[in-house]
Amino acid sequence: MNATVHKQVRLAGSVIDRKRHVCAFFNSKDEEYRVLMPFIKEGFDQGDRALHFVDPRNRAEHLRRLERAGIDVAVAERKNQLEIRPWEDAPLQEGHFDQHRQIALLDRLLNHSRAHGYPLTRLVANMEWALEDKPGVNDMVEFESRVNYTLDKYEDAICCTYDVSRFSASVIMDVLRVHPGVIIGGIYQENPFYVPPDEFLNELRERKASRSAPAR
């Protein structure tokens, strides 16, 4: 059997391994861009595809940041190397979140990149959509665990960004447990708290059952 050659990806000071589903915790947008821009820029330099899920209110600022980093946004979009999707065109389609629809969308987008000749996709997904007052957003952590089944088929690098000042401590702890890699304090590390999806989803089912059980 021939050994598979994995394309090297650097993120937050480290070469990340085969498990490339990463949660990144930040305290500000400036910190987020400072840590992630080298990863984004490296992707363009290596001919990878960039897929960004952004808050539509921050789209213009996001484009400015990319351009200041030396990325020719217009050319990259024309070549289909850069795709920026606002939340309503990704997790919040039709005004609500459906985790199974979103997993199917990710699967299609990653296959689309490969079909267009891009060896690797680097996805940066802003996760504050889960704070919007929309149906289904409470399934975000379950989605983050379940999507590992799909992402395990790919070598693409997926970075989910979280503003720690906006999410509760309990959600942050669950988010930490469903990503094989984590960025804290601007540093990447393999996540010692990671729980495989079979185990975590079973735990979620038990939690829901205990909450719905009648009080004695």
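1. Start with Arg49. Beyond its close sequence neighbours (up to four places away), Arg49 touches Asn80, Gln81, Glu83, Leu109, His112, Ser113, Tyr118, Leu120, Thr121 and Arg122. Bear in mind that this is a predicted model.

2. Where does Arg49 sit? Arg49 belongs to strand β4, which spans residues 49-54. Its relative accessibility is 0%, so Arg49 counts as buried.

3. Now look at helix α2, residues 59-68. Its buried residues are His62, Leu63, Arg65 and Leu66. These residues cover an arc of only 160° around the axis, so they lie on the same side of α2.

4. What covers the buried residues of α2? The cover includes α1 (29-45), β4, α3 (73-78) and β5 (82-86). Strand β4 is also the place of Arg49.

5. Check what follows α2. Gly70 comes after the helix, and its phi is positive, near 95°.

6. Next, the cysteines. A disulfide is a covalent bond between the sulfur atoms of two cysteines. How many disulfides does a search of the whole structure find? The search finds 0. Cys23 is in no disulfide. Its nearest cysteine sulfur belongs to Cys160 and is 7.6 Å away. Cys23 is buried, with a relative accessible area of 0%.

7. Turn to Cys159. The closest cysteine sulfur to that of Cys159 is in Cys160, 6.8 Å away. That is too far for a bond, because a disulfide needs the two sulfur atoms within 2.5 Å. Cys159 is buried, with a relative accessible area of 0%.

Notes:
Residues numbered from 1 in each chain as written. Predicted model: local features only at pLDDT ≥ 70, side-chain atom pairs only at ≥ 80, totals over all residues. Heavy atoms only, no water. Helix = DSSP H or I, 4+ residues; strand = E, 2+ residues; numbered from the N terminus. Buried < 20%, exposed > 50% of the residue type's maximum accessible area, 1.4 Å probe, protein only. Contact = heavy atoms within 4.5 Å. Arc of directions from axis to C-beta.
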